Amino acid sequence: MEASELLERARSRASDPENPLEILSAAITLIPELGGEADVLLDLAVCRAREAGASWTAIGERFGYIRRSTRRRFTPAFAHRHLVNRRMKRDAACSFCRRPPGPRVHMVHGEGGRICDRCVALAGDIVAGLARRRR
């Protein structure tokens, strides 16, 4: 369903179709019906409410959030930065134990991932144990 159709659906359910906060409230009530499309509708309804001059506090009250978490949830720059930082941390961690890199954590970097010094030592012990069993 197109974003404009979703917004029109919320507008038709709103008690005051001209009030962006009422449209947002209607959009929130549509969440269980829409499933995966709910995020698109909520983002659009929040953008429209902000464009109309609604404060983050007023928007957050509709969701039951505090002001700061509402702004974080619906500000694209924050969300993008947050995801980028999470990906960078995940990509820099050991591919086996997810231990993050640090000054005392040595990593061996390969084409497909990374392995920390502890996992290298454990792998060495496993290979040595296998070699002893074969003899």
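**First stop: a pair on one helix**

Select arginine 11 and glutamate 8: their side chains meet in a salt bridge, 3.1 Å from N to O. That term means a side-chain nitrogen of Lys or Arg within 4 Å of a carboxyl oxygen of Asp or Glu. Side chains of opposite charge can pair when their charged atoms come close.

Before you click on, a word about what you're looking at: this is a predicted model, where local features need pLDDT of at least 70 and side-chain atom pairs count only at pLDDT 80 or more, while totals for chains, interfaces and linings use all residues. Residues are numbered from 1 along each chain as its sequence is written, and side-chain values use heavy atoms, with hydrogens and water left out.

Helices here are DSSP runs (H or I, at least four residues), numbered from the N terminus.

How covered up are these two? Arginine 11 is partly exposed, at 26% relative accessible area, and glutamate 8 is partly exposed too, at 42%. Partly exposed is the range between buried (under 20% relative accessible area) and exposed (over 50%), using a 1.4 Å probe and protein chains only.

**Next: reaching across the chain**

Pick arginine 13 and glutamate 33, whose side chains form a salt bridge at 2.9 Å, N to O. This pair links distant parts of the chain: arginine 13 is in helix 1 and glutamate 33 in helix 3 (residues 31–34), 20 residues apart. Arginine 13 is partly exposed at 43%, and glutamate 33 also has 43%.

Then jump to arginine 62 and glutamate 22, another salt bridge, at 3.2 Å from N to O. Arginine 62 lies in helix 5 (residues 56–63) and glutamate 22 in helix 2 (residues 20–29), so the pair ties together parts 40 residues apart in sequence. Arginine 62 is partly exposed at 30%, as is glutamate 22 at 22%.

**Last stop: a greasy spot**

Select Leu122, Ile126 and Leu130, which make a nonpolar surface patch of about 280 Å². Patch residues have over 30% relative accessible area and no salt bridge; like charges are joined within 9 Å, and nonpolar side chains (Val, Leu, Ile, Met, Phe, Trp, Tyr) within 5 Å. Isoleucine 126 belongs to helix 8 (residues 117–134).

Note on methods. Areas by Shrake-Rupley, 256 points an atom, 1.4 Å probe, with all protein chains shown as cover. Helix = DSSP H or I, 4+ residues; strand = E, 2+ residues; numbered from the N terminus.
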